[in-house]
Amino acid sequence: MKKKIIIPIIFAFALIPVSIGLIGCGGDAYVGDKLVSVRLASYGDVSTKTDYFCGDEFDLNQTFVDLTYIDKEEMTEWTLQCYSLSEIPENIHYEVIGFDSSEPAYSQLVSLKFTSEKYAGEVSTSFYVNIYPEYITEISLMEEEKFIKDTYMLGETLPLEEMKIIVSYSNGRQEFVDVTSDMIDGFYTDEIWSTEKMFNIWYEGLNLSYYYRVSPAEGYEAFSDAHIKCFVPGEEMGFAKQVMQQGAIATFSNNETKQYIVIGRLTLRTVTENSIKAEFNTSGSAYNSNVEILNFDQTYVGGYWATVCEFKYQGQSERYQVIYYNRQIVSTNGVQTITQNVTVEICFANFTTEDEIYNNVRNSIY
């Protein structure tokens with residue numbers, strides 16, 4: 001009797017299937033291939049994206065599901081745990097229903113429906129997403145180095161027909177916008193300007209700011225000192241800069257034409273014809289100056305009153321022009337206010353008052 005009982009029991013245990021899979025959930029019977037269930041997945045740092053901006057596409061890579069199905073051939077119930085839609089096997093198909101990012105929407109219902117040629121039935125799950133209005137995060141000028149310069153020439157214009165702004169949005173979208181004249185604020189080149197000015201390019205309340213100067217022509221360089229600024233002829237025009245002693249800030253000279261410009265900073269003083277004769281006297285006698293004053297005047301130069309003197313040396317034909325400015329600079333170090341009073345001297349040698357360089361430098365003084 002014992003032998004008749006033991007044999008059927010052993011046979012029954014041999015018929016129990018072994019389930020293997022990603023997550024095995026064995027059933028009593030596997031009558032056919034079918035989809036069982038689906039739900040939105042969320043594990044630790046992995047969660048389905050629910051916030052979008054207008055214009056966004058549905059993000060397959062950031063939509064995660066747990067999809068359970070039965071595979072009859074393997075006699076196993078499988079669960080694809082925390083799979084993104086972009087990783088779903090090819091024999092399982094999905095459809096995104098209800099997603100529309102064309103306009104802002106809050107608590108928009110989105111459904112995911114799964115079907116398959118191999119697995120019978122269909123399963124679905126739903127969740128809510130928010131569609132926020134897209135907004136501009138940044139603007140930049142395309143090929144900025146091509147269009148933006150430190151110094152523009154007198155009368156030079158911006159090549160607006162070539163300029164475009166790159167507009168970046170919160171959803172990563174970018175678009176290119178033509179720059180038009182009504183977007184430009186503060187760009188003027190109708191007068192020489194040796195100090196830095198600023199112009200802006202505006203778009204939808206955002207702006208790009210650039211500093212620039214306006215040079216009288218090509219070949220001039222910006223000279224900047226605490227008390228005076230102007231344009232001076234550069235190497236392109238044959239002039240070289242030299243640093244001088246005895247109160248001079250700099251000298252710009254041309255060896256071929258024998259022309260030079262000396263910019264100096266002196267202690268505050270009242271300039272008279274006699275003081276000029278004494279300063280430039282080379283006669284060797286402090287009582288007999290060889291300086292002959294040709295013109296001496298108080299005039300308005302570069303927005304300031306200045307003393308302008310033209311002189312020559314006795315027995316010589318070369319003429320010199322000297323301009324004197326009394327300047328006061330008020331600054332603060334955060335603790336106290338500091339006032340500096342100086343006289344700035346600019347001497348032109350071997351120039352005439354009709355000379356273009358002379359007038360360009362003089363008109364750019366600030």
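I will take the aromatic pairs, then one aspartate in a loop, then the salt bridges. Keep in mind that this is a predicted model.

Aromatics. A search over the whole structure gives 24 aromatic pairs. One of them is Y52 with F58, which is stacked, with 6.0 Å between centres and 15° between planes. Y52 is buried at 0% relative accessible area, and F58 is buried too, at 14%.

How are the rings of F199 and Y210 arranged? Their centres are 5.5 Å apart and their planes stand at 35°, so this pair is tilted. The cut-off for stacked is under 30 degrees. F199 belongs to strand 15, residues 193–203, and Y210 to strand 16, residues 206–215, so the pair ties together parts 11 residues apart in sequence. F199 has a relative accessible area of 0% and is buried; Y210, at 9%, also counts as buried. F199 and Y210 sit in one aromatic cluster with Y152, F187 and Y212.

Two charged side chains lie over ring faces. K197 is over W193, 5.0 Å from the ring centre, and R327 is over Y304, at 4.0 Å.

Next, D225. Where is it? D225 is in the loop between strand 17 (220–224) and strand 18 (229–233). Is D225 buried or exposed? At 13% relative accessibility D225 counts as buried, because the limit is under 20%. A polar atom of the D225 side chain lies 3.1 Å from the backbone nitrogen of H227. Leaving out residues up to four places away in sequence, D225 touches I249 and R265.

Now the salt bridges. The count is 11. D71 pairs with K118, with 3.3 Å between the closest N and O atoms. That pair links distant parts of the chain, 47 residues apart: D71 is in strand 5, K118 in the loop between strand 8 and strand 9. D71 is buried at 6%, whereas K118 is partly exposed at 36%.

R173 and E134 meet at 2.5 Å, N to O. They are 39 residues apart, each in a loop: R173 between strand 12 and strand 13, E134 between strand 9 and strand 10. R173 is partly exposed at 32%, and E134 counts as partly exposed at 26%.

Last one: K146 and E162, 3.4 Å, N to O. K146 is in helix 2 and E162 in the loop between strand 11 and strand 12, so parts 16 residues apart in sequence are tied together. E162 is partly exposed, at 41%.

Methods:
Residues numbered from 1 in each chain as written. Predicted model: local features only at pLDDT ≥ 70, side-chain atom pairs only at ≥ 80, totals over all residues. Heavy atoms only, no water. Phe/Tyr/Trp six-rings, centres within 6.5 Å; stacked < 30°, edge-to-face > 60°. Buried < 20%, exposed > 50% of the residue type's maximum accessible area, 1.4 Å probe, protein only. Helix = DSSP H or I, 4+ residues; strand = E, 2+ residues; numbered from the N terminus. Lys NZ or Arg CZ within 6 Å of the ring centre and 35° of its normal. Polar contact = N/O pair within 3.5 Å; in protein donor to acceptor, adjacent residues only side chain to side chain. Contact = heavy atoms within 4.5 Å. Salt bridge = Lys/Arg side-chain N within 4 Å of Asp/Glu carboxyl O.
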